[in-house]
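Please read these points with the model open beside you.

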Amino acid sequence: MATSQTVPAPDAPQHGAPASADTAVAALYEANVLALSRLAFLILGDQASAEDVVQEAFCGLYRRWDRLRDSTRAVYYLRSSVLNGCRSVLRHRSSRRGGALDQPPALSAEAAVLGSEERDEVIRAVMRLPHRQREVLVLRYYCDLPDEEIASAMRIRQSTVRSTAHRALEALGRILREAP
Amino acid sequence: MTPLEDRVRQALAGKAREFPPEAVPPLRLPARRRRFFSLAYGGGERKEAPASRGGWLVPAAAAVTVAAVIAGSSVVSHVVHQPRGAASSFDADAAAARSHAASWVAAQVSPSTGVSCDPAMCQAIASRGFPSEDLDRVLRGTIYPSSSGVIVATAAVRREFGGYLSSVYAPVIIASFGSGPARVDVRVIAPAGSASYKAAVREDLQARALAGTQLARNPRIDASALVRRQLRAGRVDGRVLVILTALAATSPVSVLAFGDSGPGAGAASPLRSVELARSGEMAGAGHPRSLRAMVALLDAQLAPFRPARIASVRLADGRAVVRVEFAAPSPLGLLAPSNHTGS
């Protein structure tokens with residue numbers, strides 16, 4: 001399914017044909033919820049938090065629909081909201097753990113049986129990266145976004161995206177080499 | 001693309017598929033969206049151009065209004081000649097609920113938690129000694145009360161956030177005052193959403209029940225059947241369990257009662273206070289000294305295990321006991337394995 005891989009596809013209502021907030025947001029939800037949920041899931045590592053963050057992003061969009069100047073930008077707004085929501089959850093987790101780094105999520109029994117060791121090893125390594133590096137990797141290699149859109153979604157400069165991705169890959173290579 | 005980048009791409013795609021399409025929940029939009037209706041604009045939103053085909057609404061609404069005024073005049077007349085009991089009773093109930101809620105928040109909620117409230121309620125709480133810098137005023141258009149740990153849900157706050165307040169933002173009530181529209185609830189804000197918060201509450205309950213069961217079996221803790229049942233059921237706040245463990249390690253302790261989960265709070269709200277006495281030999285002649293030692297130990301604790309209040313009181317039967325009370329809301333995850341390992 002294309003939308004599960006490419007969040008940026010602007011499946012927003014056509015500009016110039018104003019829809020009610022209810023129908024427009026429902027249509028956006030239908031088209032993008034899975035991709036956005038998976039984006040949040042990859043960053044947060046658990047399904048319940050990912051669902052909450054995505055629901056909150058859609059509710060935020062719904063509340064601000066009247067103030068949205070360009071409805072075709074709704075998907076970009078949603079993606080930024082999801083990233084912000086993820087950061088908020090990660091901050092909260094860190095504070096609850098007294099500033100400890102995120103621990104790699106425990107794999108479900110099902111995932112342990114079905115998932116390959118290779119994949120799990122890489123995912124564990126990704127989850128050990130700092131939040132910002134993890135975000136860049138997910139946006140670049142899961143969402144296939146160009147650096148320009150990653151920069152816009154994360155509200156950082158393109159050069160920062162490139163350097164963060166470079167550092168993330170370096171750290172990832174190091175972690176994977178050290179893994180038993 | 002390098003081999004490492006390829007591995008990352010494949011791993012992320014594979015992991016993402018663990019979130020299956022059928023796991024996506026239905027869209028839950030707020031029950032009410034703020035709109036600016038105006039009859040002058042044909043019933044449409046004020047921001048939009050007046051709808052020409054909706055122009056019939058103006059005369060129709062005017063006619064309905066006139067008819068309603070005429071038809072209702074006898075009712076109005078009846079009402080004005082009635083005693084003003086109903087309205088004044090509602091106002092009195094609302095004022096009493098607000099006053100009790102403000103007093104409870106000022107006395108029970110830890111200022112470090114941060115409290116969201118409507119401006120009038122914030123003023124009432126501040127007037128009872130709660131630091132005003134820890135109060136976050138909910139004004140019209142507030143998007144999300146995320147900066148606080150607790151929200152005081154008055155009618156004005158419920159209007160602002162609609163059904164989303166209880167379903168997503170703040171699902172758990174820790175105290176409730178009054179009833180009907182005058183009701184004031186004190187709710188804990190779920191910063192990561194309702195599902196995560198409820199999962200954390202469940203985990204915390206399990207951890208408290210596990211620790212409580214061990215304490216109920218501890219031979220150095222003397223307790224009634226009710227107290228032991230509350231311990232085993234996980235009803236007792238994690239901070240109380242920790243201090244009980246510490247006190248029992250120094251000498252035998254008698255747990256007389258747990259209390260104060262907040263008026264109107266659900267069973268999910270832990271019991272945050274405890275009445276303690278020394279038991280066994282320590283309850284004899286050395287009693288006052290041993291109580292002072294108990295108070296000193298409690299007083300030496302640091303947050304989050306430092307009680308909000310410690311008081312030595314004498315019961316009706318003459319026994320001297322120490323009453324210990326922790327601030328609301330009860331923190332979650334204190335007894336989680338990750339906290340024991342120090343991670």
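1. A residue counts as buried if 20 or more other C-beta atoms lie within 10 Å of its own, and as exposed if 12 or fewer do. The model is predicted.

2. The buried residues of α1(B) are B:Val8, B:Ala11, B:Leu12, B:Lys15 and B:Ala16. Viewed down the helix axis, they fall within an arc of 130°, so they line one face of α1(B). An α-helix has 3.6 residues a turn, so residues three or four places apart point the same way.

3. What covers that buried face? Elements of chain A do, including α2 (21-44), α6 (117-127), α7 (131-142) and α9 (158-178).

4. The contact between the chains takes 37 residues from chain B and 44 residues from chain A. On the chain B side, α1, α6 and α7 each give two or more residues. The largest share, 12 residues, comes from α1(B). By class, this side has 21 nonpolar, eight polar and eight charged residues.

5. Buried residues of α7(B) include B:Tyr197, B:Asp204, B:Arg208 and B:Leu215. The buried residues of α7(B) pack against α3 (47-63) of chain A, and against α6 (164-169), β6 (221-223), α8 (225-232) and α9 (238-250) of chain B.

Key: Residues numbered from 1 in each chain as written. Chains lettered and ligands numbered in written order. Predicted model: local features only at pLDDT ≥ 70, side-chain atom pairs only at ≥ 80, totals over all residues. Helix = DSSP H or I, 4+ residues; strand = E, 2+ residues; numbered from the N terminus. Contact = placed C-beta atoms within 7 Å. Arc of directions from axis to C-beta. Nonpolar A, V, L, I, M, F, W, Y, C, P; charged D, E, K, R; others polar.
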